[in-house]
Amino acid sequence: MTSSRVPVPNPLGILLELTHRCPLHCPYCSNPLELDKRSAEIDTATVLRVLDEAAELGILHVHLSGGEPTARRDIVEITAKCASTGLYSNLITSGVGPAAALLPALAEAGLDHVQLSLQGTTAASADKVAGLKGSHEAKMKFAAEVDRLGLALTVNAVIHRGNIGEVEGFIEKAIELGARRLEVAHTQYYGWAYKNRAALMPARPEVEQSIRIVEAARERLSGKLVIDMVVPDYYALRPKACAGGWGRKFMNVSPNGRVLPCHAAESIPGLEFWNVQDHSLGDIWQNSPAFNAYRGTAWMPEPCQSCERKELDWGGCRCQALALLGDASLTDPACGKSPFHSRIEALAASEAAESAPPDYIYRGPGQTAAAREHEDVLP
């Protein structure tokens, strides 16, 4: 790996993964397979210092995430700190557990925005994916409280073979809940999703139909609902600029304080991730070996190096290149110019063709759907 090590503009956004604790067990969770324990989480004082440093860097948006961020007892204090430092705060939540009860206090503290995940459009489909009975009902009550408090709401729906037939329903549900934005995000196969890929992979015709549904809804609902869509890399012709480009716009702080260029970066061996307990946020952004490893274009191999799109997609996803090819420095195989692109297409087609996909391995202590049978139930 080589790096240009040139100064870069300051980041625009930061994702604070405050905890890996979560009441849900979604099989596509982007958290790592090895979850940080509560005892390893950075303390309140460190989080507040990081927010001060984020404001000094000129960061505009702070995404408070997890796991379930409201599992942290200091979430109201953290939210108030965002407001006092002028940082736009977005709570990325399951809407389950303490989230609803804490919402009025979070609104009073200055919370700007809520992003609520939905696993399905009915209790049966949603609870199966979440691995938690009663989760969908809790989410509906939470969304009603968001509306009552006048907070801006985005609904996030992760799409896979188990719910791809519900895309139209997700659009209707977002309108029903008073959301201003809907994210129709096809599963990205990292973390737990990579482990469950064979159970989650939809067929190409289903993906194409979902795209048509979204495009029609965008036109029909223009001015009423903004719909963002993330298409699956395995059916793409060009890769995404992961996190806007490695080390270009975005920082991800893990529960134990390690700072990552993207949420899955720890899957890449040999990278040195600096920690907010040892370095300032600004120092990490400019000088961290991990951030400089794939920043810019100097590291790129062919065909990326001579590609006219190299400063548009920035080489695509390093974690995906590692997962599928065993080498994070290779061209993302989602790109049609990759010599390995046909492999990713064949892999997706093969797994989607399985008439009886395997059971989910749920987030947490890997249990199949048959073993768990929704043993977790909301109180």
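Two strands are said to pair if DSSP finds at least two bridges between them, and helices (H or I, at least four residues) and strands (E, at least two) are themselves DSSP runs, numbered from the N terminus. The structure is a predicted model, in which local features need pLDDT of at least 70 and side-chain atom pairs count only at pLDDT 80 or more, while totals for chains, interfaces and linings use all residues. Residues are numbered from 1 along each chain as its sequence is written, and side-chain values use heavy atoms, with hydrogens and water left out.

Strand 6 (residues 181-186) and strand 7 run parallel and are joined by 5 bridges; within this pairing, Val230 of strand 7 is the bridge partner of Ala185. In a regular strand the side chains alternate between the two faces of the sheet. Strand 7 (residues 226-230) has a covered face made up of Ile227 and Met229, whereas Val226, Asp228 and Val230 belong to the uncovered one.

The loop between strand 7 and strand 8 (250-253) contains Asp233. Asp233 counts as buried because its relative accessibility is 4%, where buried means under 20% relative accessible area, exposed over 50%, and partly exposed in between (1.4 Å probe, protein chains only). When residues up to four places away in sequence are not counted, Asp233 touches Gln188, Tyr190, Lys240, Gln320, Ala334 and Ile344, contact being defined as heavy atoms within 4.5 Å.

Among the helices, the axes of helix 1 (residues 44-57) and helix 2 come within 10 Å and cross at roughly 15°; axes are lines fitted to C-alpha atoms, for helices over the stretch in contact, and angles run from 0 to 180 degrees between N-to-C directions. Helix 1 is therefore roughly parallel to helix 2, since angles under 35 degrees count as roughly parallel, over 145 as roughly antiparallel, 65 to 115 as roughly perpendicular and the rest as oblique. In this contact, Thr44, Val47, Leu48, Leu51 and Asp52 of helix 1 meet Glu77, Ile78, Lys81 and Cys82 of helix 2. These residues divide into 5 nonpolar, 1 polar and 3 charged, with Ala, Val, Leu, Ile, Met, Phe, Trp, Tyr, Cys and Pro counted as nonpolar, Asp, Glu, Lys and Arg as charged, and the others, Gly among them, as polar.

Helix 2 (residues 75-84) also meets helix 3 (residues 99-109), their axes coming within 8 Å and crossing at roughly 25°, so that helix 2 is roughly parallel to helix 3. Here Ile75, Val76, Thr79, Ala80 and Ala83 of helix 2 are in contact with Leu102, Ala105, Leu106 and Ala109 of helix 3, and the contact comprises 8 nonpolar, 1 polar and no charged residues.
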